[in-house]
Amino acid sequence: MGNLSHKWLVVLSVLFGTFAVILNNSMLNPVLPELEDVFNTDAVGVSWILTMFMIMMGMTMPVTGYLGDRWGKKKVYIIGLALFATGSLIGAVSQWLSIVIIARAIQGIAGGLMMPNAMALIFQAFPKNQRGFAVGIYGVSVMIAPAIGPTIGGMIAENFDWYFLFLINLPFAFISMFFSIKFLKSTEPDPTRVFDWKGFVLITSGVGMVLYVLGQARDFEHALTGFNLTLLVLGALLIYMFIKYELKQKAPLLDLSIFKVKTYRYSIVATSAASIGLFSNLFLLPYLIQDGYGLSMVKTGLLFIPSALASGAFMTIGGRILDKKGPKLVVPTGLIVLTFACLMFGLVDLETSFWVLLIINIIHGMGLGFGNMPATTTGMNAIPDHLVAQGSAMNNLIRQTASSLGIVFFSVYFEIRRGMYQVSGLTTNEATLEAINEAFIVAAVIIAISVPFAYKMKGYQNDDKKE
């Protein structure tokens, strides 16, 4: 029993920290207009508060596996926590936007160190037949934080000074640091591990360019500039060069051989599709509620909270089923439910009641709970334990890129189609609804395409090496 308690204290240790990282990022979204006034700048200026975090986290993740092997995963995670607390404190006392952006860069580096190692530390503490439920509990923070973040951010902005958006991180960071120092198990560092500088330059430059473009392209006016398209092509080329280079190295920065494991590849497809389902929902629903139905931000928050709770509950249930029955019962079911919910959003009209929208969004959360973290756990279980940190880093990075790409795609699609409907004579409300209906149907198609891949995933009981 004592041993079991220690395992769950590991989950608690990493849960507080990763929850704070994700919550902080999602809290800042709705308050960017207020920060424009605070720092006397424009929308492009404050957008760097989000973009810089995303870029720095994406550029850090590829080296997390190496750092965990070289110094030990516990040490790297705690360093990440310390950096996150430092970035939060700098952000809270900043008087200039440039310093806030620097603080966000520090937080992004911290997130890049923490997120992949959190999963690796949980996998280290639990045997394969218990990881589904453990990751399900941990995943509650990953799913609930982005859903409740905008509501909490709006409440803080309305009732307190803006710097409380950064100060609120500190209690979470310090609690996580206390538990982490006390309960996380140290891993043996490998001082002989050689750093792959060429691979580091290629992957960080490539990822940085791609994420920069995706961050800027969320604004429709900046989506298709020649500079952005050039940077996107160059970033993709550098990533391609990195892959070709790494496959020839004896001690690569990222061991790409894990992609030879089919279940891991299929898990990437499933989690990327689920992430597109999550972030398309987070982007489109506020427009539907506020521009389509003319309801308040409070009503928008009320729509997301029950869905987030349903997602958390079904994530733990899905984890239990995964441990006992394997992924084929859980992950495809979750993706099918998620597809169904997106289709339902594609069929609503201006007469649809708020309560119907609430029920559809709860179903959406249930699908996410079954389809996301169980797929991640299955993929991680399929690769060797010593590569879990690298596998988690690549999973996070690909999922983050897919999410950003999804937001860019749906924002551009929404703006174009709403404009076309307005030109055809529809009112703003009607045009908004039609464009959102279409976007949700497109999301449903994308998620549905991933279902056959989910059926091909194998549980830890199967011998993936024969694939």
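A salt bridge here is a side-chain nitrogen of Lys or Arg within 4 Å of a carboxyl oxygen of Asp or Glu.

## Salt bridges

By that rule, the count in this predicted model comes to four salt bridges. In one of them, the side chains of Asp-385 and Arg-131 meet at 3.5 Å, N to O. This pair links distant parts of the chain, 254 residues apart: Asp-385 sits in the loop between α15 (373-381) and α16 (388-423), and Arg-131 in helix α6. Arg-131 counts as buried, because its relative accessibility is 3%, whereas Asp-385 is partly exposed at 46%. For these words, buried means under 20% relative accessible area, exposed means over 50%, and partly exposed lies in between (1.4 Å probe, protein chains only).

Two more bridges are worth a look. Arg-418 pairs with Glu-415, with the closest N and O atoms 3.7 Å apart. Both belong to helix α16, and because they are three residues apart there, about one helical turn separates them. Arg-418 counts as buried at 13% relative accessibility, while Glu-415 is partly exposed with a relative accessible area of 29%. Asp-69 and Lys-73 form another salt bridge, their closest N and O atoms being 3.9 Å apart. Here Asp-69 and Lys-73 are both buried.

## How to read the model

Residues are numbered from 1 along each chain as its sequence is written, and side-chain values use heavy atoms, with hydrogens and water left out. As this is a predicted model, local features need pLDDT of at least 70 and side-chain atom pairs count only at pLDDT 80 or more, but totals for chains, interfaces and linings use all residues.

## Enclosed cavities

A cavity is a set of points on a 1 Å grid over the protein atoms alone where a 1.4 Å probe fits but cannot get out, and lining residues have an atom within 4 Å of a point. Grid points are joined across faces, edges and corners, and a volume is the space filled by probe spheres set on the points.

Four helices, α6 (131-159), α11 (262-292), α12 (297-325) and α14 (354-371), each supply at least two residues of the lining of the largest cavity. The most comes from α12, with four residues. The lining divides into seven nonpolar, four polar and no charged residues. In this scheme Ala, Val, Leu, Ile, Met, Phe, Trp, Tyr, Cys and Pro are nonpolar, Asp, Glu, Lys and Arg are charged, and the others, Gly among them, are polar.

## An open pocket

A pocket, in contrast to a cavity, is an open set of points with protein on both sides within 12 Å along at least five of seven lines. The second largest pocket has a volume of about 380 Å³. It is lined by 17 residues, of which Ile-203, Val-207, Ile-239, Leu-397 and Ile-398 are the closest to its centre.

Helices α9 (197-216), α10 (226-246) and α16 each supply at least two residues of this pocket's lining. The largest share, five residues, comes from α10. By residue type, the lining of the second largest pocket has 16 nonpolar, one polar and no charged.

## A nonpolar surface patch

Which residues make the nonpolar surface patch of about 400 Å²? Leu-343, Ile-441, Val-445, Ile-449 and Phe-453 do. Patches are made of residues with over 30% relative accessible area and no salt bridge; like charges are joined within 9 Å, and nonpolar side chains (Val, Leu, Ile, Met, Phe, Trp, Tyr) within 5 Å. The areas come from the Shrake-Rupley method with a 1.4 Å probe, and for residues only the protein chains shown count as cover.

Helix α17 (residues 428-455) gives the most to the nonpolar patch, with four residues. Ile-449 lies in α17 and counts as exposed, because its relative accessibility is 53%. Glu-430 also has its place in helix α17, and at 33% relative accessibility Glu-430 counts as partly exposed.
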